[in-house]
Amino acid sequence: MRAAAISTPRLDKMPGMFFSAHPKDLKETEHSFLDNKTQKRRPRTFGMDMKAYLRFMMPHLESGMKSSKSKDILSADEVMQWSQSLEKLLANRTGQDVFGNFLKSEFSEENIEFWLACEDYKKTELSLLHSKAENIYKAFVHSDAAKQINIDFHTRESIAKKIKSPTPTCFDEAQKIIYTLMEKDSYPRFLKSDIYLNVLNDLQASSLK
């Protein structure tokens with residue numbers, strides 16, 4: 001079934017919408033991970049209108065352009081490329097957002113949030129590694145983490161030791177585990193989901209206008 005249309009495409013009116021944690025956002029909000037320990041998971045929601053979301057994010061959605069010379073323009077060809085590999089999906093900013101929204105509907109958004117946090121961490125200045133490593137550990141790795149990721153005990157303990165003298169590769173092992181989990185589990189379902197198919201179908205229809 002296609003999702004029910006929302007009359008006003010405002011982000012603050014769209015339940016369940018996910019926005020990826022990009023480097024510039026993480027620098028401002030990394031401390032917020034620790035404030036979410038008591039946060040309850042929201043109920044599963046599918047009542048969003050992805051076309052309305054994309055129109056808000058990309059004013060040129062309906063232009064029918066097939067190439068993306070600007071970051072703000074998304075083409076049907078680009079969305080089709082998301083189905084080639086998880087790597088291509090995650091390389092696209094909007095792809096991260098849409099996939100993250102799908103993961104949120106399955107109550108597993110912590111996977112992409114952790115993966116993106118690791119990508120940002122590897123680019124962190126050495127002087128900031130310790131504080132950022134602790135934030136990621138407390139948010140995703142610790143046994144009491146609000147958004148605990150699904151990794152084995154050995155990897156969890158290994159990270160706990162590594163962050164005492166952090167390096168840019170502290171979370172590499174865990175990041176690979178979570179990437180593989182998304183690739184083999186969530187990603188195939190995403191490609192068959194209404195969330196992905198609606199985005200693709202809407203862009204293909206727009207390109208024909």
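Analyst: One cut-off first: an angle over 145 degrees between two axes counts as roughly antiparallel. Bear in mind that this is a predicted model.

User: Fine. What angle do helix 7 and helix 8 make?

Analyst: About 160°, with the axes of helix 7 (residues 129-141) and helix 8 (residues 153-162) 10 Å apart. Helix 7 and helix 8 are therefore roughly antiparallel to each other.

User: Which hand is the crossing of helix 7 with helix 8?

Analyst: Left-handed.

User: And which residues meet there, between helix 7 and helix 8?

Analyst: Helix 7 brings Tyr 137, Phe 140 and Val 141, and these meet Arg 156, Ile 159 and Ala 160 of helix 8. By class, that contact of helix 7 with helix 8 has 5 nonpolar residues, no polar ones and 1 charged.

User: Stepping back, how many helices and strands does the protein have?

Analyst: There are 10 helices and 0 strands. Along the sequence the pattern reads α-α-α-α-α-α-α-α-α-α.

User: What share of the residues is buried?

Analyst: 44% of the 209 residues count as buried.

User: And the contacts, what percentage join residues at least 24 apart?

Analyst: 68%, taken among contacts between residues at least 6 apart in sequence.

User: Now helix 9. How does helix 5 pack on helix 9, at what angle?

Analyst: The angle is about 95°, and the axes of helix 5 and helix 9 are 10 Å apart. Angles of 65 to 115 degrees count as roughly perpendicular, so helix 5 and helix 9 are roughly perpendicular to each other.

User: Which residues make that contact?

Analyst: On helix 5, Val 98, Phe 99, Phe 102 and Leu 103; on helix 9, Met 182, Ser 186, Tyr 187, Arg 189 and Phe 190. The contact of helix 5 with helix 9 divides by class into 7 nonpolar, 1 polar and 1 charged residues.

User: Helix 6 also meets helix 9. At roughly what angle do the axes cross?

Analyst: Roughly 140°, and the axes of helix 6 (residues 110-121) and helix 9 (residues 172-192) come within 10 Å. Helix 6 and helix 9 are therefore oblique to each other.

User: Why oblique rather than roughly antiparallel?

Analyst: Because roughly antiparallel needs an angle over 145 degrees, and helix 6 crosses helix 9 at roughly 140°. The crossing of helix 6 past helix 9 is left-handed.

User: Who touches whom in helix 6 and helix 9?

Analyst: From helix 6, Asn 111, Ile 112, Phe 114, Trp 115, Cys 118 and Glu 119 meet Ala 174, Gln 175, Ile 178, Tyr 179, Leu 181 and Met 182 of helix 9. The residues of this contact of helix 6 with helix 9 divide into 9 nonpolar, 2 polar and 1 charged. Met 182 is also listed in the contact of helix 5 with helix 9.

User: How many disulfides does the structure hold?

Analyst: The structure holds 0 disulfides.

User: Last one, Phe 107. Where is Phe 107 found?

Analyst: In the loop between helix 5 (93-105) and helix 6. Phe 107 has a positive phi of about 60°, although it is not a glycine.

User: And how accessible is Phe 107?

Analyst: Partly exposed, with a relative accessible area of 34%.

How values were computed:
Residues numbered from 1 in each chain as written. Predicted model: local features only at pLDDT ≥ 70, side-chain atom pairs only at ≥ 80, totals over all residues. Heavy atoms only, no water. Disulfide = S-S within 2.5 Å. Axes fitted to C-alpha atoms, helices over the stretch in contact; angles between N-to-C directions. Helix = DSSP H or I, 4+ residues; strand = E, 2+ residues; numbered from the N terminus. Parallel < 35°, antiparallel > 145°, perpendicular 65-115°, else oblique. Left-handed = near helix turned anticlockwise from the far one by under 90°. Contact = heavy atoms within 4.5 Å. Nonpolar A, V, L, I, M, F, W, Y, C, P; charged D, E, K, R; others polar. Buried < 20%, exposed > 50% of the residue type's maximum accessible area, 1.4 Å probe, protein only.
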